Amino acid sequence: MQPATDRKIVLMLRETRLTELIRRFNTLQQAQFYVEHLGADFSDYLAEHEHYHQATVAAETVLRRFGRVQRVDRQYLANFIFGPDDLVVVLGQDGLVANTLKYLDGQQVIGVNPDADRWDGILLPFAVTDLAAIVPEALVGRRPIKTVTMAKATLNTGVTLHAVNDLFIGPQSHASARYALSVAGRRERQSSSGIIVSTGLGSTGWLKSIYAGWAATTAALTQGEGRPALDGSFPWDADHLHFFVREPFPSRITAASLVVGQIAHDDAMTVVSEMPEHGVIFSDGIEADFLEFNSGTKATIGIAERQGQLVA
C-alpha cells in the first residue's frame, strides 16, 4: 500500500528501562538477577518493555499509511537533521517531547502516550489509536496548535543552548556557584547552588518543585497562617521567562536580594561566571549536554527566536 503523501513522518522513540538494563548488564538474565537481587519486581520492567514495543509497532503501521516513516531513537536526537516539512510523532514520555522540541524549528509535534496507565502524559494528549484521525489532519494543517515559548542561553564564546523547560546555570557538582547577575536594571554578585530559568512549559516541573518547597517553608515559618501556596506556573506561550536563584548565600561580598523574578520578552538576564572550573549551563535536565561556564564567560539569557509547535 502506497502512502497518501510523500511527506516524511519522524517517529521519535526512547529506550525502555529494560533495554537500558540489558545494555548495562549484557544479558536479560543478568539484568533480571540484578533487579530481583535488590528485591524489586522484574515483571514490571518486562511489561513496560512489551507494552512500548507493541505501541511502537502499532504507531509505525498507522503512520506508513500517510507518509514515509523514519524511526529515530533519543540517543541520536542531537545529531539528527529534521526537514522543514517533517511531521514529528513522539511516542512519550513527556520528557521525550521536551527533548525533541529543543531541536526543532517550527515542525509540528504530535505527542502520543504509549501507556496511559503508567504515564501522566501532560505533553502526550493522544493515544496510538488516535493517530489514524490526527495525522492526516495535521499533514494538511487542520489541527489546532499549542505554541511553546523556549529559552535560549548565548555565551560570549559564540555558543548557544536552547531550552524547552528550563536552563540551569551553576556548578557541576554540589559546590557553590559564584557569579554576577544582572536583570531588569539590577546587578548583584551572588554565591548560590545555581539559577533556574524556566519557560511556561517548564513551570510545571522543576520550578513548581522549588515553589512547593518555598511555600511549605513559608507556611512553617508563619505557623500556618493560611497563606495561599504559590506554585509558580504560567502559560506555555507566555512572553516572559521566570528565574529563581537556589539557596543564595549572603556574605560580605555576595548578596541575596535579587533571587526571583521575570525576564521580559524584550529584555535579557546576563550572568558572568566567577567559577574557575566546573561551571556549567544545561537545559531540560540533560546534564551530559552542557556548556562550560567558567571564569569570564558571560551568558545572556532570554526568550528564543523559535517556538515549539504542539498539535492539539
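At 61% relative accessibility, Glu247 counts as exposed, the term being used for a relative accessible area over 50%, with buried meaning under 20% and partly exposed in between (1.4 Å probe, protein chains only). The structure is a predicted model, in which local features need pLDDT of at least 70 and side-chain atom pairs count only at pLDDT 80 or more, while totals for chains, interfaces and linings use all residues. Residues are numbered from 1 along each chain as its sequence is written, and side-chain values use heavy atoms, with hydrogens and water left out.

Glu247 is located in the loop between β11 and β12; helices (H or I, at least four residues) and strands (E, at least two) are DSSP runs, numbered from the N terminus. The phi of Glu247 is positive, about 45°, although Glu247 is not a glycine. A positive phi is also found at Ala184, where the value is near 55°. Ala184 sits in the loop between β8 (177-183) and β9 (186-192) and is exposed, with a relative accessible area of 57%. Most residues other than glycine have a negative phi.

Strand β11 (residues 240-246) pairs with strand β10 (residues 194-198) in the antiparallel sense over five bridges; two strands pair if DSSP finds at least two bridges between them. Within this pairing, Ile195 stands opposite Val245 in β11. Both strands belong to an open sheet of six strands, ordered β12-β11-β10-β7-β14-β15, with antiparallel pairing. The edges are formed by β12 (260-264) and β15 (290-292), each of which pairs on one side only. On average, neighbouring strands of this sheet are turned by 20° against each other, direction ignored.

Rings of Phe, Tyr and Trp (its six-membered ring) pair if their centres lie within 6.5 Å; planes under 30 degrees apart count as stacked, over 60 as edge-to-face and the rest as tilted. By this rule there are six aromatic pairs. Among them, Tyr211 and Phe244 are edge-to-face, at 5.7 Å centre to centre and 70° between the planes. Tyr211 lies in helix α6 (residues 206-221) and Phe244 in strand β11, so the pair ties together parts that are 33 residues apart in sequence. Tyr211 and Phe244 are both buried. Phe168, Trp206 and Phe282 form one aromatic cluster.

Axes are lines fitted to C-alpha atoms, for helices over the stretch in contact, and angles run from 0 to 180 degrees between N-to-C directions. The axes of α1 (residues 17-25) and α2 come within 8 Å and cross at roughly 105°. Helices α1 and α2 are therefore roughly perpendicular to each other (65 to 115 degrees; under 35 counts as roughly parallel, over 145 as roughly antiparallel and the rest as oblique). Contact, meaning heavy atoms within 4.5 Å, is made by Leu18, Leu21, Ile22, Arg24 and Phe25 of α1 and Leu28, Gln30, Ala31, Tyr34 and Val35 of α2. By class, this contact has eight nonpolar, one polar and one charged residues, where Ala, Val, Leu, Ile, Met, Phe, Trp, Tyr, Cys and Pro count as nonpolar, Asp, Glu, Lys and Arg as charged, and the others, Gly among them, as polar.

Helix α2 (residues 28-37) also packs with α3 (residues 42-63), at an angle of about 135° and with the axes 9 Å apart; α2 and α3 are therefore oblique to each other. Leu28, Ala31, Gln32, Val35 and Glu36 in α2 meet Phe42, Tyr45 and Leu46 in α3. The contact of α2 with α3 has six nonpolar, one polar and one charged residues.
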